[in-house]
Structures are given as structure tokens and as C-alpha cells.
Amino acid sequence: MVTFILNGREVKAEEGTTILQVAEANNIYIPTLCNHKALEPAGLCRLCTVELFDGRRKRFVTSCNYPVWTGMEVNTDSEEVIRHRKMLIELLWARCPNNDYVKHLAEQFEVDTPRFKLDDDDCILCGLCVRVCERIGANAIDFSGRGTEMEVATPFETYSEACVACGACEFICPTGHIKLSEITDKEVQPILSEYDAGLTGRKPIYVPYAQAVPNIPAIDRSKCAHFLTGDCKICADFCPTGAIDHSQVDEEVELEVGAIVLATGFRPFDPTQYDDYGYAKHPNVVTSVEFERILSSSGPWHGHLVRPSDEKEPKKIAWLQCVGSRDINHCDNGYCSGVCCMYAVKEAMIAKEHAKDGLDTAIFYMDMRTFGKEFEQYYNRAQEDGVRFVRSRIHSVDPVPATDNLLLGYVNEAGEAVSEKFDMVVLSVGMEASPGVTELAKKVGADLNHYNFASTSSFNPVETSKPGVYACGLLQGPKDIPLSVMEASAAAGAAASRLAGSRYTLIKEKTFPEERDVSAEEPRIGVFVCHCGVNISSVVRIPEVVEYAKTLPNVTFVQDNLFSCSTDAQAQLVDIIKQQNLNRVVISACSPRTHEPLFQETLRNSSLNKYLFEQANIRDQCSWVHSGDRDAATEKAKDLVRMAVARAALLEPLPLPSVTVNPAALVIGGGVAGMTCARTLAQQGFKAHIVEKSDSLGGQASNLKKTWRGENIPKFLKSLVNDINRDKNIEVHLNGQVKETSGFLGNFKTTISLNGDESIREIEHGVTVLATGAHPTVPEEYLYGKNNRVFRWHELDEAWDTDLVKNATSAVFIQCVGSREPERPHCSKICCTFSVQKAVELKERNPQMDVYIVYRDIRTYGEREDLYKEARAKGVIFIRYDLDNKPVVAETDDGGLEVTVVDHVLQRPITLKPDFITLASAIETRGLEELAQMFKVPLSQDNFFMEVHMKLRPVDFANDGVFVCGLAHYPKPIDESIAQAQAAAARAATILAQKRIEVEGVVSTVDESLCRGCGECVEACPYGAPELVEISEGFQVSQIQEALCKGCGACAVACPTGAAAIRHFTDNEVLAMIEAALCE
Amino acid sequence: MTAEFEPKIIAFCCNWCAYAGADLAGVSRIQYPPNIRVIRIMCSSRISPDFILKAFQKGADGILVSG
């Protein structure tokens, strides 16, 4: 340690530190121009000169490179020092009279106009550029010349070969003198941020995106200067924890596995090849992915809606659909990407919300394909909110001369040519197979189809051609998030079935030391204050908080940590808890929402109950939000620590309850979804009960003959039913009806009646799967039921071999019968594909036949688009109608059928005389309300079961242990039903595979001696956890079923006597925090 | 001269939404006045009138229940 006098005050410092470093540590400002943390001090600019008294005489030294020694006296702001600085600045100003940076310096140091001869330079010869170039390892520039001729230059003043074009010199130059373009003729490319779709740049060392897992920076080896030159490593100097290791190399790891899941995703289509859209030429033509980033609050303009060319708010935006989808002209993507219609509608709606002064949005489309759950309602809302939908495929985007605007030419529905100007054009790009997928598929031996998506069948939607290799998500075909997530679970379920025999074999069970009983001890609280690197400590004065914490009641130990969450800090925490005999721990750091589980585990590792922990959030809710006010932030941090300590003293250990799990599932519904789910579970060794309302298994699939790919459904169904009947793990209850159910996750009890009320059966099960299916509606229009040549869609299959259909010369399909109407707004999803497929089959049987499909939008999504293409090629005629002009079906005098519809091209009514008509009748559920109530699960607006999260948890309900699959969730084709059933089974298996389940200890409790059985808590609880139990005759009290309790505490508030309480958030704890918050 | 009045505000935030929102404000570096002290609870239905009265009694100038 060195002790010396700094500005009249005695200071201590480490040996070897410089005066400048010590001054900085003591909050004393010394100006410098040539000093930089990444570089060795050079003493070049002399601005950091200070006055040094060595005991005998006074002299002047540069503080940046003068090491401190005991006994010296330093003065950083004596009159002479200040005069000296002013002179330096005056000289620099004379050298660079027109440079803004130097002018600013002159202002800062109150220097008058220079007395010297003015030059016209803008380099202050600080040498930062030269030294950083040396540090980078390029050595491309240096000082050349002497005296007044000195300058920074490349050798021979030509373009440097050695330069790596990293740009560090230009970046570090304070005056803007250095221009990379004068140093090298290498093309300087910004590193574009992949996350921001290239709209912004990123550094060679970067966190890929805010939510990245793991959320730590990565080094881009192809761009990092160290990997180009072998030097630099500046980042390692800056990293406070020494986490950066440039010596790491790629490793080859060999894994032995029993199954492989391919989930490599897709790449967005690159629209550069659409020359006519000018994506590469016009900055205001952006892709939908770029537009997502523009709308995002973490995007380049923080969610402020501006266009790239001039960062002005656009007033008119156009979306062009099907860019790179449904197109075999510019590319080979004949399929529909299936998601772009919906995201374009969403982007238009959000853009309208973001635009402050109104925004005109127009979506140019071919068919609006909003076929998903509640999508059609969203589409309707967009129309009501003024999003314009124009049915037209735009052929080209032209610039409007002298502006950054764009001109679109199109023909409107009335057949008129229109040209319209827009401020911005968004290309709704499709999805295509990722580039590496061919190689990957070859490596694992899985086949790809003609679009390079993994080849799978409708009956095994996640199985590739290679046994044991599964595929899910976009790799398997274009699809949206819900289906991707379902398939992911399905692939996990299918893999788990294959590996059922080895379940539990590679498990390492985590054990904790025995818990210490602290009930008889006075509180001994340890407080740990985290710096979080500089995240907290750059704002909150940690030493002050530490000192303050020491004064708080019951606190026996206080320490600060650089990173409380680091592995070594955790290990140290365990030691300290033991050594100091702490029985409560408060960590003042980040948010408990992210780190409480980690710290609680550390407590368990140190023999303390995990509930003896409290966290004060001094980062997310303090340093980050008050970064401009260090005093207020430090005061608030102290308050938060005081509140946490007050509560900590009252914390009680809680039991860590667990319940046993009955490894059986109840599957309600014996259709394809229910059977697939039961079979997947049975394959994994779990018991499954199928309750089917009718007298046979099969559900709606019994009415179907072929999938859209042409696979034979009856054959598949027969083998599935056989599997079910043969499987010892599966019990089928036909003619069964669910009567009542009770219990909770892992332990349900359901009563079913069989054959009317002939017999009653009670089933105990750990999970429930609702697979109750849906039904085609019975239309009351288009002469259905009045003329026996008008079919519903599945009835055509039944009539397929009758003379009527076989000998027919003309057929009409009418789409959207009962769907997409005000009283039933949802799209039934499967009807377009069905009708188009049947039309193709009719044409195959009799090419001379006239086949008409009367439709509103053809929604042959995904690869089903191939069928639509084929139908058109075979001469099927598509006639569009809208709701205001629905087709009219009439019976002619001779008993024939007549369909009149206004043709959208001719704009006049035409009359068709088909031999038969097929109606694409809607699909709806019936009578789900009772089941929904019984299992406490919600229904959607369209009366389908409503999952807990449409995108991310598509088969789960909020009610733990209850799952959904099949048509009861939403109309869907058989492949999606099977995937969803496998997904439900996989999700259910995560519960059934556990022998015991730990349930949350933060639950309510009732003090029976205070309870008067009024039932207020039963009323208040949304989860049915409290129940009134008669403990002696005529005397009832409330008891909490802990497995049902979500720990909200509503019962505690409702209870008039104080009998009901919520553990871990007791009245006393909350009141103590309130008091502590306000006591100073 | 007396210092300008600075209100003391107690905020009861539901762990699942409002508290997460307060964290998000931090992650997004949104700056707001430092007068608020947040108390985390598991659900806004947990807030008993006692808490509100106690806070006012102890000198709170405002109470925010957010959930």
C-alpha cells in the first residue's frame, strides 16, 4: 500500500497504480486526451499534467504514466496546472481552429481566441489511433515526419496492406480526423445485426438478442480482430470477471442417443430475386421480417414507426402477399407459407396503433388465408378498423421520381387500372427450407420432399423415413407457431414412446443436505449486496448500502459481491451461511422473478429451508430505472434492503409438499385424437382409459376415405382401433358418459356411466385429456335436406360409387356453408382442401366432367397448394362469391339443380346446372359447456376448448393436469389432429412419469380454531382449493386442498376471522414491509 | 426554504404481471421518479384493506395497486 497526499487529503493506493488511476478512484477529475483504458498510457498529450512536490522541490509530471509512491504530494488543480492546461488547449486550438471537438475543449477550459498563428489541421496528435492499431495487431498506421511536420500516416502514404479494416482508429479518434477510407481500399462492410434483420449493425462481440439463452455474449470469429491478427483482446481487459477466453476452440462431441429430433427451422425467403419489386434498390421496400423489427420496441427505432430512407413516419404502407410463396415463376416455392396473411394483418393493425397521426394500410393479396383459431375474427376486426384488403397480385414496384415513395400499379375488383403511391412497401416473404437441410437429411438418412421439407406421412406426422429420426416445426413444412409447438411436443412424445424401455436409466437425482431446524433461534440475517458487475454499482453506491445494512435489526453479517449469482459466489454463500450460523438470507440484487429459485437452491445446499430467503430488487427496479440520480437510487436501495430485512426476520420455514401421481390418464373421446393420445401414453407404459360416447371407436375419421395426400384412412383407422383393443394398458369404455370429476393434479377421480345409466364406474387417474371432437353442421340453405342430390362434404365420399356421382357430367362445390358467417365467424379450415381434392378426383375419373368450386377464398394452405394448382391444371373452374352475393340453388321444373352465382371476372350472374352439389358445411362442437364446467376449463368464442396460451402452450389448460387435442380444440386435418394428440400425450407424460410431484409450498392454510365455517373463502377462491368439511356433527370448518391452491391469498383477504392465511406472504410480513418502507 | 414536496408512494404489485412489468421497465431502461417502493405480492386479490390503511397511517402519500 502507498500513502500520499492528493489535493491536500491523505489517500491510499495499490503499489504500481498511476496518479490518474488513484484520482479517478477518489472522484477527482484530471482531463486527458491521449489516455484510454484499453491502451498503455503514453503521456503524449500532456493535458493530464499535475503538480508534484517530492519533499524538496515542485515539478510537473504526466499523471497518466507516473506511478504513486509513499510521501509524495500531488496537486491536480493548482493555478500553475490550470495555466498549463489552458496553454495546451490554446496551442491545439491554433492548430485546429475549425474542429468542433477542439472548440468544445476550448469552451470547457475557458480559453480565449488563440494568440498564435492559425493552422488548418484537425489532428491533435493524441496518438490514440496509432496505439489502438498497434493493440489490434495490424500496425497499419504510425506517426511520420518530425516537429511541425509530424502526422499520422500509412507507410509511403499509400493504402495499407496490413490494415484489417476493423475501423478501431476511426472509432477512437476524438476529432474525426481519421478516415478509414484514406487508410485502406478494402471494402468496409458494417457487421449487420442478424436479429434486427440487417437494419442495424452489431459488434464482433455481441449478445445475439435480448432473450438469448444462454444470455451471454458470443464472439464472431470471422469478424473479431483477435482472430484476424492474433492481438487485441481488449474485451478481455474490460471484462471484470475474466470470463473471456480467446483460446477456446471448436470441439467435436460424440453423443450416444436412441432418437434424433430434427428441428432446424427455416429461412425467410430472400426477395432480392424479385427484380420488379426493387427490394435491393429501394430502402423503403422492406421485408415483413424487417418490418417486425421496425415495430418492435427493442428494434432499431425503439418501436417508433419510421421508414428507413429518411426516418420519417410513413402515412401509407402497402403489404404485398405471397412473395416467395405460391410462386413457381421467380422461385420454386409452389406451396403456401401459411402464416403470411395472418402476420400481414397483424403488422397492419400494430402499425396503425403505432402511427400517431393515422396510417393508411393496404394489403394486396390473392386469397386471404386466415384459417387458424380465432384468426377470421381478427381479419374481420382489421376490416372494421380500416385496413384495406385489395385482391390483386402486384407485378412491380416503381420509385416515384424525386421522392423516396413508391408507386404500385394494379387492377381493382371493378376491373379498373389504378396506380397508387405509398411511402413504404412491405414484402410478406414466405418461408423456405434452410440451406443446410439437404446435407443434414443425408447425414441422418431421412428423406426430403420436392420442396426440401422432411418427408412425413399424415398418420405419422413427426416421423421421418428413417426410424428413430423425428422432425418438427418448419423443417417438416410451412406452419405457424402453435402447430410448431404441438409438433415439438409430438416429436418428444414419439421419441419417448420409442425409448420407453430406457426411461429413468440416465437420471441423476439431486440431493440436498438435511434441513436445519431454526425454529428456536433468534433471527440471524445475512445481507448480501450485489454489484452486478457495474449494473448496480455504477448507480447505487454499494459501500453506503453495505454500511447501512449493518445498522439494521437482526442483521449479523453483510457483504458485497461482484456477481452474487456466479458459481463461486454461490459456493461462498453456502460457506458463509454455515460459518456465520445465518438463519435468514437477504440478497440485494436483481429481480426475484429471475433469480429467487437459484438463491433458494443455495439455501437448501446450506441446510436452510428455501423459504428463509428474501430478495431486494435494487437493479431492475432501482439502478436501471434511476440511472441519472445516484443519490436517490442509493437511498431507495437502502429502503429496499430495510424492507427486505424487516420481512426476512418474520419468515418461517415451510414444508416442501409433494403428492403421489397415479400413472393413468383419462382420455375423453374415442376418435383419432383420443386413440392416438391413449396409444402414445400406453406405449410409454402408462395406463389409459378411453371414454367414448358412442358404441364404437373412430369418431369423424370413420366418415373419411383419404387424406389430402391420398393416404387410405379406413385402413389406418382399422389398424389403430386394433392396436387400442389389443393394448393391455388401454381400457375402452364405450357408450360412456362423464358424470362428475374431482381431485387435483396427479390424483383425479372421475365417475362415468355406461350404457345409459346401466352401470357406474369410478376411474382414478393422474391426468385428463379432452378429445371430444366436433361435428359437421346441418345446413338449412342450398336445398340441403330437401333435395337428395345436395350433399354435405363427407356425404360425397359415401355416395362416391353411386350411379349419380359416377355418371355425373357436372358438379358444383359450394364453400363456406355456415362458416365465416356473422353467426359462426370461424373458418372450418379443412373444407377447401377437401373440395379441391374431390374436384381433382372427379376430373381424374371423368376428365370431360364440368367441375365448379364456388368459393370465397381458397385456403389450401401449406403444401396443399399443390392440389389447388393441380385442380386448375385439370380444368376445375373456380368461381368466387362474396357474402353479399351468395350463390342461389334452385330446383328446376324438370327436377334438376340450378346454381346461380355472380362471376367475379364477368361481373354478371351465371347459371350452372350440376348433377349434384356438395356443401362445405361448417365444423362445430356440441354441448361442451357441461364438460368445460366440470373440468374447470374455458371455451373460446366459437365454443372450442380454450388452451392456456394459443401460441406457446397449445395443448395445456391453466388447470394443471388437463389437456386438449383434436377437433375439440379447433377444426383441423387428420395429420394435425394426430400431432396434437401426440403432443397432449407427451405433455401428460411429463406428469405421469413422476412418482411424486413437488407442489408449491406457498399455499393457504386455515387455523381451524378460528374458523367459523362461513364459506367466504370457498366463494373467494377461483381454483376450488378451500372446501368446507364437517369435523364434528353440525360443525364445519374450511380446509385447503393444497394441490389445488395457487397461492394467490384471496381467501386470506375474504376471511372475516383471520383463520385463513397465506403462507410466506402473511399479514405480518406485508405489514412489516409497509412499515419499513415508510419509517424514514 | 423548505425542500420541494416529494410524495412517498407504496406500490403493491402482483408477481405475475405488474411486478414483471416493473422489471421490464428496468430491462428497457425506462426512467421514472424514485418515489415508489414496490411490495411484491402473489396476486392483487391478496391485498387486504388493512394494508392500504396501514400504509396511509404510516405516512404514505399514495398507493398503487397493480395487478
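Reading from the N terminus, chain B has its elements in the order β-α-β-α-β, which makes two helices and three strands. Helices (H or I, at least four residues) and strands (E, at least two) are DSSP runs, numbered from the N terminus. Please keep in mind that this is a predicted model, where local features need pLDDT of at least 70, side-chain atom pairs count only at pLDDT 80 or more, and totals for chains, interfaces and linings use all residues. Residues are numbered from 1 along each chain as its sequence is written, while chains are lettered from A and ligands numbered from 1 in the order in which they are written.

**Chain B as a whole**

- Taken along the principal axes, the C-alpha atoms of chain B fill a box of roughly 45 × 35 × 10 Å.
- Chain B has 67 residues, and 36% of them count as buried (20 or more other C-beta atoms within 10 Å of the residue's own, with C-beta atoms placed from the backbone).
- Among chain B contacts with a separation of 6 or more, 80% come from residues 24 or more positions apart; a contact means C-beta atoms, placed from the backbone, within 7 Å.

**Strand β33 of chain A and its neighbours**

- Strand β33(A) covers residues 767-770, with A:V767 and A:V769 pointing one way, A:T768 and A:L770 the other way, and all of them buried.
- On β33(A), strand β27 of chain A (residues 664-668) pairs in the parallel sense over four bridges; pairing requires at least two bridges found by DSSP between two strands.
- Within that pair, A:L770 of β33(A) has A:I668 opposite.
- Strand β44 of chain A (residues 962-964) also pairs with β33(A) in the parallel sense, over three bridges.
- Here A:T768 has A:V962 in β44(A) as its bridge partner.

Methods:
Buried ≥ 20, exposed ≤ 12 C-beta atoms within 10 Å, placed from the backbone. Contact = placed C-beta atoms within 7 Å.
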